[in-house]
Amino acid sequence: MTTGFSSGSCRFADYFVICGLDTESGLEPDELSGENFEQSPLRRTFKSKVLAHYPENVEWNPFDQDAVGMLCMPKGLSFRTQVDSREPQFHSFIITREDGSRTYGFALTFFEEVTSKQICSAMQTLYHMHNAEQYDILHTPTSPQGPEDQRHQHCQPRPVLHAAPAISRLQRFNSYDISRDTLYVSKCICLITPMAFAQACRKVLEQLYQAVTSPQPPPLPLESYIYNVLYEVPQPPSGRSLKFSGVYGPVVCQRPSTSELPLFDFAIGEMFNLLGVENVLQLFTCALLEMQILLYSQHYQRLMTVAESITALMFPFQWQHVYVPILPASLLHFLDAPVPYLMGLHSNGQDDRTKLELPQEANLCFVDIDNHFIELPEELPQFPNKLEFIQEISEVLMSFDVSPEGSLHSSDSQAKHRGFRSVDMVSDKRNGNLASPLNSYLLRENETIARLQALVKRTGVSLEKLEVREDASSNKEVRLQCDEEELKMHQLNIQVREVFANRFTQMFADYEVFVIQPSQDKESWFSNRDQMQNFDKASFLSDQPEPYLPFLSRFLETQMFASFIDSKILCHDDEDKEHTLRVFDCRVDKIRMLSVRTPTLRTSMYQKCTNIEESDNLLKK
């Protein structure tokens, strides 16, 4: 097979995956999901499976079916009827390999009609069994009966019932009738990628979903777009933007240059909107001191957004411990680990904090994202210049109309799927990244496409005849508005990240002076690393302002700080430096050029970020 490029590291996406209901194996209860089987069958979860993935395997990123299956649909299959909300939901996830490298997943979960009579009959049977059980429970007497009660009951045979609540409960449980209701089941389409271009992947998936629910066929066969994103769309080079064609419109992704902050494509503003600046800074402090952190939310994407945002704001430091932003139900035992972790736990929206059994609570930071609440570990030191720092962050947020206090009624705007609006459907005949010359005939004759077509048909992705009305005149307007919203998101991201990066640049502007270079060769240093001192902590702390010491004395003992200094020792020149270290040292050099540091080392004067405008201009180029 000939593709536009052959190197695995150059591809935008490695896999396209479909997860959902395997009609052959039927309804299998998901025992690991922790669901209560007293619940209505429509509220239970069932096992989902990876129905298909393409390609079968790529050598640079072997397909991990178990991990992908768990993270695409962490709570398994969900069922709905025509009276339930069936809004598609987007979420992202991370798969961490044994060597510490990461692969990113972007999943769109939607509901499609169940056409299998066997599955519908199985659901009806479950309801009959469930209703029979509930009827028995509801007709159970409220108190134990003695001999006198039993004799009296024979005289007047009236069962003791719970009154109105019993009737309403029975009606609520009896909510699926095969003769009158339409049954829907969740299905997931997913992209597995080497880099986290979240917004671009979201658009690709949204447009594929639009195509399968549109009454009109897409400009090209659906499979051609999947082939395109897997084989013909490369990763953008550093410092460049890439524009390629989706099913209905262009998709754009931008990769920072080697002199900019690392790639980050999640909405930081959403985290501040959900938690508020004060809570975010407390969570940030816990993360820097490598506490156990548990995020809690009904929304998978909120878990991912908060986890990724907090770790991105740590620049130039990196989280070194267990990192599972979405913890599948089958891995809940991970919470028992007596080590630092940052994990996200899905809430069913009913259980409160008191029902969670969590060990090591003295060292736990518990974040209830949906309720704007954070529970802090004992004796948490204050981040240096906390009040001034909060003020600077708040000024940036307010310039983008984000409240520093956050909002309890955050709409999770990105879950509204602006890309699903019918006015976004346009006939786009161009697809510049597809192998050319290309037309429908070539697509039909292409062996790869033929297999993809068979794959998609076999797994039930088909055009459904839904009525869609559109106002074509507003296409351009809506698309322009979406582009402006995305640009605004990236501008807020970069400005907030610059403010956080500036804090570390100011606090560690002279860190190189205190790095202890090893006297032996690199191999000997590696073998004796645990016994070696790589940083003169006592001298560094003696040069810091008194208010900084409670935080800094603990931060210098963390694994993330030790790893940062190790990477500094191991590089001999700029060419050897990791990207984050190179960018950070460049910023430190600028500060040294602008000011004489030594006389001000023992003061806690707050210095605001001065390079926001420069970074903003780089983004717009």
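## Close-up views of a predicted model

Phenylalanine 315 counts as buried because its relative accessibility is 5%; here buried means under 20% relative accessible area, exposed means over 50% and partly exposed lies in between, for a 1.4 Å probe and protein chains only. The model is predicted, so to speak of local features a pLDDT of at least 70 is needed, side-chain atom pairs count only at pLDDT 80 or more, and totals for chains, interfaces and linings use all residues. Residues are numbered from 1 along each chain as its sequence is written, and side-chain values use heavy atoms, leaving out hydrogens and water.

**View 1. The whole chain, to get your bearings.** The protein chain has 19 helices and 13 strands; these are DSSP runs numbered from the N terminus, with helices (H or I) of at least four residues and strands (E) of at least two. Of its 621 residues, 53% count as buried. Among contacts with a separation of 6 or more, 78% are between residues 24 or more positions apart, a contact being heavy atoms within 4.5 Å. The chain exposes about 30300 Å², with carbon and sulfur atoms supplying 50% of that area; accessible areas come from the Shrake-Rupley method with a 1.4 Å probe, and for residues only the protein chains shown count as cover.

View 2. A search of the whole structure gives 37 aromatic pairs. Rings of Phe, Tyr and Trp (its six-membered ring) pair if their centres lie within 6.5 Å, and planes under 30 degrees apart are stacked, over 60 edge-to-face and the rest tilted. Phenylalanine 315 and phenylalanine 584 make an edge-to-face pair, 6.4 Å centre to centre with 70 degrees between the planes. This pair links distant parts of the chain, 269 residues apart: phenylalanine 315 is in the loop between helix H9 (300-312) and strand S10 (322-324), and phenylalanine 584 is in helix H18 (residues 579-594). Phenylalanine 584 counts as buried, at 0% relative accessibility.

**View 3. Phenylalanine 383 meets phenylalanine 551.** These two rings have centres 5.1 Å apart and planes at 65 degrees, so the pair is edge-to-face. Again distant parts of the chain are linked, 168 residues apart: phenylalanine 383 sits in the loop between strand S13 (373-375) and helix H10 (386-399), while phenylalanine 551 belongs to helix H16 (residues 549-555). Phenylalanine 383 is buried at 2% relative accessibility, and phenylalanine 551 is buried at 0%.

**View 4. A charge over a ring.** The charged end of arginine 86 sits over the ring of tyrosine 184, 3.9 Å from the ring centre. The criterion is NZ of Lys or CZ of Arg within 6 Å of the ring centre and within 35 degrees of the ring normal.

View 5. A nonpolar core is a set of buried Ala, Val, Leu, Ile, Met, Phe, Trp, Tyr and Cys residues joined through side-chain atoms within 4.5 Å. The largest one has 151 residues, and those with the most contacts inside it include Phe12, Phe272 and Leu295. Helix H5 (residues 198-213) gives the most to this core, with 9 residues. Leucine 295 touches, among others, Leu283, Leu342, Met343 and Ile369, not counting residues up to four places away in sequence. A second, separate core of 11 residues includes Tyr296, Tyr341, Met343 and Leu356. For helix H6 (residues 222-232), look for cover along the run: 11 of its 11 residues are buried, including Glu223, Asn228 and Glu232.

**View 6. The S7-S8 hairpin.** Strand S7 (residues 241-245) and S8 run antiparallel and are joined by 5 bridges; two strands pair if DSSP finds at least two bridges between them. The hairpin connects S7 to S8 through 4 residues, and serine 241 stands opposite glutamine 254 in S8. In a regular strand the side chains alternate between the two faces of the sheet. In S8 (residues 250-254), Val251 and Cys253 make the covered face, and Pro250, Val252 and Gln254 the uncovered one.

View 7. Most residues other than glycine have a negative phi, and most peptide bonds are trans. A cis peptide bond joins tyrosine 54 and proline 55, with omega about -5 degrees, and proline 55 lies in the loop between strand S2 (49-54) and helix H1 (65-72). Another cis bond runs from phenylalanine 315 to proline 316, with omega near 10 degrees. Glutamate 290, not a glycine, has a positive phi of about 55 degrees and is buried, with a relative accessible area of 10%. Histidine 372 also has a positive phi, near 60 degrees, and is partly exposed at 21%.
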